[in-house]
Amino acid sequence: MKKENIYLSTIAADAAKVAKEYGFGLEIAEYCTAWNMDDKFPETDAMVREKLTGIRKSVFHGPFNELFPCAIDPKARILAADRYRQAIRLAKEYGADKIVIHGGYNPQIYYPAWYVEQSVLFWKDFLKEDPGVEIVLENVLEETPDMLLEIVKGVDDKRLRLCLDVGHVNAYSKVSVMEWLEIWTPYLSHFHLHNNDGSWDTHSVLNCGSIPMRELLARSEILCPNATFTLEVMGAAPSVRWLLEE
């Protein structure tokens with residue numbers, strides 16, 4: 001894996017320190033909760049800028065709480081679009097050229113057909129204005145790879161690609177992570193790497209869980225040589241050491 005394609009999520013307290021030590025980038029996670037873009041912005045911005053000192057590149061994780069680009073209610077879609085525009089402005093201020101956004105699927109709320117149909121409408125409309133960054137849609141509760149793939153294919157815009165969160169697949173999907181990788185390859189731009197035992201989304205270190213991480217990474221390098229990878233773990237150093245082992 002190319003060093004320039006590796007990022008560390010700031011959900012890890014040691015992410016900035018380890019990223020500087022190894023020359024990695026950072027994925028800014030502080031704005032996953034949208035209120036940090038509002039009343040809590042001054043202190044959040046100062047914290048993010050401090051972490052980015054000495055870091056050459058970054059990815060931005062967009063907000064997701066109560067945001068549903070697949071919403072049926074037009075006012076809910078307006079809220080999502082407003083928050084995403086707000087996040088994209090921040091991403092560009094921090095020098096990020098890629099923003100991660102959750103697809104928003106909840107199997108207890110949306111029929112699969114509605115999820116795909118409404119999402120395609122949302123993103124086609126959203127992309128009428130050039131965001132100036134690449135948007136990558138991340139899987140969370142999707143049980144199969146087909147819905148997000150149908151959304152990206154339906155929108156048919158190179159500015160909208162996919163982020164494969166392998167830990168979410170392992171915890172929530174009916175299909176193996178290796179199958180997701182193979183199916184998504186033409187549209188894959190970014191990965192979230194973390195492990196778990198398949199029962200819960202624990203964001204464990206890369207070598208602690210039931211995902212065949214070495215096999216996955218080797219295959220991804222063949223299929224997606226230009227993709228970027230974020231280690232989205234609670235502590236960065238152990239996973240980085242494991243990743244760099246010969």
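Over the face of which residue does R214 lie? R214 lies over the face of W242, at 3.9 Å from the ring centre; a charge counts as sitting over a ring if NZ of Lys or CZ of Arg is within 6 Å of the ring centre and within 35 degrees of the ring normal. K57 likewise lies over the face of Y7, at 5.5 Å from the ring centre.

The model is predicted, so local features need pLDDT of at least 70 and side-chain atom pairs count only at pLDDT 80 or more, whereas totals for chains, interfaces and linings use all residues. Residues are numbered from 1 along each chain as its sequence is written, and side-chain values use heavy atoms, with hydrogens and water left out.

A pair of aromatic rings is described by the distance of the centres and the angle of the planes. Rings of Phe, Tyr and Trp (its six-membered ring) pair if their centres lie within 6.5 Å; planes under 30 degrees apart are stacked, those over 60 edge-to-face, and the rest tilted. The count by this rule is 14 aromatic pairs. One of them is the stacked pair of Y31 and Y94, with 6.1 Å from centre to centre and 25 degrees between the planes. This pair links distant parts of the chain, 63 residues apart: Y31 is in the loop between β2 (25-28) and α2 (41-52), and Y94 in the loop between α3 (74-93) and β4 (98-102). Helices (H or I, at least four residues) and strands (E, at least two) are DSSP runs, numbered from the N terminus. Both Y31 and Y94 are buried, where buried means under 20% relative accessible area, exposed over 50%, and partly exposed in between (1.4 Å probe, protein chains only). Y31 and Y94 also belong to one aromatic cluster with F41 and F60.

F60 has I99 as its bridge partner in β4. Strand β3 (residues 58-61) pairs with β4 in the parallel sense over two bridges; two strands pair if DSSP finds at least two bridges between them. Strand β4 also runs parallel to β5 (residues 134-138), to which five bridges join it, and K98 stands opposite E134 in β5. From β4, K98, V100 and H102 point one way and I99 and I101 the other. Five of the five residues of β4 are buried, so this strand is largely enclosed by the rest of the structure.

The count of disulfides (pairs of cysteine sulfur atoms within 2.5 Å) is zero. C32 is in no disulfide, because the nearest cysteine sulfur, that of C163, is 11 Å away, too far for a bond.
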